[in-house]
Amino acid sequence: MSDLILQTKNLGKIYEMGEIKIPALKDINLDLKAGSFVALEGPSGSGKSTLLNICGLLDKQTTGELFFNDSNITDLTAKQITQIRRDKIGFIFQGFNLVPVMSVYDNVEYPLFLNNVSNKKRRLQTIDILKKVGVAEYAKHLPDKISGGQKQRVAIARALIKKPPLIIADEPTANLDTKTATDIIDLMHQMAAEYKTTFIIATHDKRMSQRCDKIIKLEDGALK
């Protein structure tokens with residue numbers, strides 16, 4: 001087995017609007033190693049979100065092949081794809097995407113609940129990850145009662161709670177001030193090292209990309 005967590009071969013994506021075909025990605029070839037910290041850069045409309053969605057198994061490519069943990073998952077069923085996404089991939093969003101009526105604790109625990117983890121195990125894992133990301137004292141708070149930086153820490157905890165091999169992050173520092181953004185970048189690095197998790201991070205933030213092992217640049221749907 002190789003040490004690749006994700007690989008794309010001649011991957012392409014075309015959106016169809018009636019008879020009009022709009023190419024979003026063209027011949028994308030990527031090799032992402034397990035445990036790597038990767039920045040995805042490019043102007044608006046370059047295809048970053050499309051590539052993130054395909055890598056996160058939220059969307060399907062039109063052409064080419066996608067490999068996950070050395071397995072070709074291009075032709076798997078929707079049910080099989082959903083299971084890989086649920087069990088093996090975490091997501092961190094620019095807008096946090098926390099459930100507003102659920103406490104910090106419940107937001108982080110929820111992925112384990114969906115995976116039918118026992119009550120005792122859920123509690124132990126949730127408390128542990130909340131401590132590691134530094135928000136255990138806010139466990140009973142609702143998201144609107146904590147700061148943006150604290151919300152992003154909660155989002156990181158939720159993404160990591162399953163210990164997935166891959167995390168997809170979309171502009172995770174875009175709404176944060178410099179000090180908070182730096183803290184979040186440090187935390188993501190620490191968590192990547194501890195959990196041996198690969199991070200793919202779409203970002204315009206040079207503070208983030210400068211700390212990444214690899215920078216992937218997209219322009220007009222193609223690698224630069």
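Author: In this predicted model, Ile156 touches Ile92, Val133, Ile184, Leu187, Met188 and Met191, when residues up to four places away in sequence are not counted.

Reader: What makes these pairs count as touching?

Author: Contact means that heavy atoms lie within 4.5 Å, and by that rule Ile156 is in contact with residues that include Ile92 and Met188. Ile92, Ile156 and Met188 are also the residues that touch the most other members of the largest nonpolar core, which has 39 residues.

Reader: Which elements give two or more residues to this core?

Author: They are strand 3 (37-41), helix 3 (104-114), helix 4 (119-132), helix 5, strand 7 (166-170), helix 6 (178-195) and strand 8 (198-202). Helix 6 gives the most, with eight residues. A second, separate core has 27 residues, among them Leu40, Cys55, Ile89 and Ile200.

Reader: Why is Leu160 called buried?

Author: A residue counts as buried when its relative accessible area is under 20%, and Leu160, at 0% relative accessibility, therefore counts as buried. Leu160 lies in helix 5, which spans residues 148-160, and, leaving aside its neighbours within four places in sequence, Leu160 is in contact with Ile129, Ile167, Met191, Tyr195 and Thr197. The C-alpha atoms of Leu160 and Val133, which are 27 residues apart along the chain, are separated by 10 Å.

Reader: Why is helix 1 described as largely enclosed by the rest of the structure?

Author: Helix 1 covers residues 48-55, and because six of its eight residues are buried, the helix is largely enclosed by the rest of the structure. The buried residues are Lys48, Thr50, Leu51, Leu52, Ile54 and Cys55. Helix 1 is followed by Leu57, whose phi is positive, near 60°.

Reader: How do you know that helix 4 is oblique to helix 6?

Author: Two packed helices are described by the angle between their axes and the distance between the axes. The axes of helix 4 and helix 6 come within 11 Å and cross at roughly 135°. Angles over 145 degrees would count as roughly antiparallel and those from 65 to 115 as roughly perpendicular, so with a crossing of roughly 135° helix 4 is oblique to helix 6.

Reader: Which residues meet where helix 4 contacts helix 6?

Author: Asp128, Ile129 and Lys132 in helix 4 meet Leu187, Gln190, Met191, Glu194 and Tyr195 in helix 6. By class, this contact has four nonpolar, one polar and three charged residues.

Notes
Residues numbered from 1 in each chain as written. Predicted model: local features only at pLDDT ≥ 70, side-chain atom pairs only at ≥ 80, totals over all residues. Heavy atoms only, no water. Helix = DSSP H or I, 4+ residues; strand = E, 2+ residues; numbered from the N terminus. Buried < 20%, exposed > 50% of the residue type's maximum accessible area, 1.4 Å probe, protein only. Core = buried A, V, L, I, M, F, W, Y, C linked by side-chain atoms within 4.5 Å. Axes fitted to C-alpha atoms, helices over the stretch in contact; angles between N-to-C directions. Parallel < 35°, antiparallel > 145°, perpendicular 65-115°, else oblique. Nonpolar A, V, L, I, M, F, W, Y, C, P; charged D, E, K, R; others polar.
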